[in-house]
Amino acid sequence: MQAVTFEQLGGPEALRLREIDEPQLRANQVLVRVQAMAVDHVDTFVRSGAFQTALATPHVVGRDLVGTVLRVAAGVTNFAVGDLVWTNSAGYDGRMGATAEMVAVAADRLYPVPCGVDARQLVAAVHSAATAAIVLQDVMQLTRGQAILIEGAAGNVGRKFIQLAHQLGAVVTTTSAARDFDRCRQLGSELTLDYHEPVASQCDRQFDHIIDTSGKVPLQANLAALNQGGQVTLITAPADNHFTFDVRQFYMAQKQISGFVISHATDDQLARAAKWLNQQFAAGALLEDDLNCQPFAAAAEVHAALEQGRDHHQRFVLVPPTEKI
């Protein structure tokens, strides 16, 4: 079967489309015929070595896939041949990657696709949506009526944060370009602010939670906008990898800074997120991404586009040779 692999850590040119052996099922695994997989920035981090993790052999790249069940290992009872399923945790921590015609997936990291949901739209959404779900539920522990500021809210991750925070009953404020204000309001933002200007110059609100999806807002500006006991959550870093902030003001107001990467999410966190996301998918939510579908052979080009910032709010989806673009 064909798969996109890399033999050594490196740039996008390290990726090769080649023939590899069909995976052999182990205990508690399901063999899935891949229909499509989504390419995430984190895939480039694994390929380059920026995110260090155990890799399966051969090193198949990618973590998010959707496909149909071909076989199940003995003892697996929650999936059957022909089921349409998805996973968002392939390709790291020793697990086989997603960019292959067939992938062996642990049954406890595999989830059903709700009836009637477009498979490619779903797989494009699951990385950003699961990140938002776990941050909101487990890191922030966001509750109804709390005020949240979502910065860079028109991007792939930001849009998922808007929708899910709104579902939880939070009071949502967003920053984006003015051209995206209407879209942010439609998704659940109560107040839309221009990201070209400081938040403090546009409103006098204070927030219980702030998340900057871009890494471009000064940490001190966000800490100053928090209520006492408020929390800033980091899911990315500034380009220079440095922040400065007023330590005394920070600790005396009992504020918090948390960090999150989905690669460290537990089985339980992923499963809770998947249950919530599937409810949203079934209702037609979280599926608004603009897709750019390409064949497996374009994997290196797509990785390069992500690293160069040429995604422009679109989501790259790769499909195997057996599927139509």
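Is Gly-10 buried, partly exposed or exposed? I looked this up at the outset and found that Gly-10 counts as partly exposed, because its relative accessibility is 24%. For this entry I take buried as under 20% relative accessible area, exposed as over 50%, and partly exposed as in between, with a 1.4 Å probe and protein chains only.

I note that this is a predicted model, in which local features need pLDDT of at least 70 and side-chain atom pairs count only at pLDDT 80 or more, while totals for chains, interfaces and linings use all residues. Residues are numbered from 1 along each chain as its sequence is written, and side-chain values use heavy atoms, with hydrogens and water left out.

**Gly-10.** I located Gly-10 in the loop between strand E1 (2–5) and strand E2 (16–19). Helices (H or I, at least four residues) and strands (E, at least two) are DSSP runs, numbered from the N terminus. Leaving aside neighbours within four places in sequence, I found Gly-10 in contact with Arg-47 and Ser-48, contact being heavy atoms within 4.5 Å. I also looked up Gly-49, which is 39 residues from Gly-10 along the chain; their C-alpha atoms are separated by 7.2 Å.

**Backbone entries.** I checked Asn-28, in the loop between E2 and strand E3 (29–38). Its phi is near 65°, a positive value in a residue other than glycine. Asn-28 counts as partly exposed because its relative accessibility is 36%. Gln-141 also has a positive phi, near 55°, and I placed Gln-141 in the loop between helix H2 (119–139) and strand E8 (147–151). Gln-141 counts as exposed, since its relative accessibility is 55%. I recorded a cis peptide bond from Thr-57 to Pro-58, with omega near -5°; Pro-58 lies in the loop between helix H1 (41–48) and strand E4 (64–72).

**Cysteines.** How many disulfides does the structure hold? I found zero, with a disulfide taken as a pair of cysteine sulfur atoms within 2.5 Å. Cys-203 is in no disulfide, and the nearest cysteine sulfur, that of Cys-184, is 14 Å away. Cys-203 counts as buried because its relative accessibility is 15%.

**Helix H6.** I lastly looked up Met-252, which lies in helix H6. Met-252 is exposed, because its relative accessible area is 58%.
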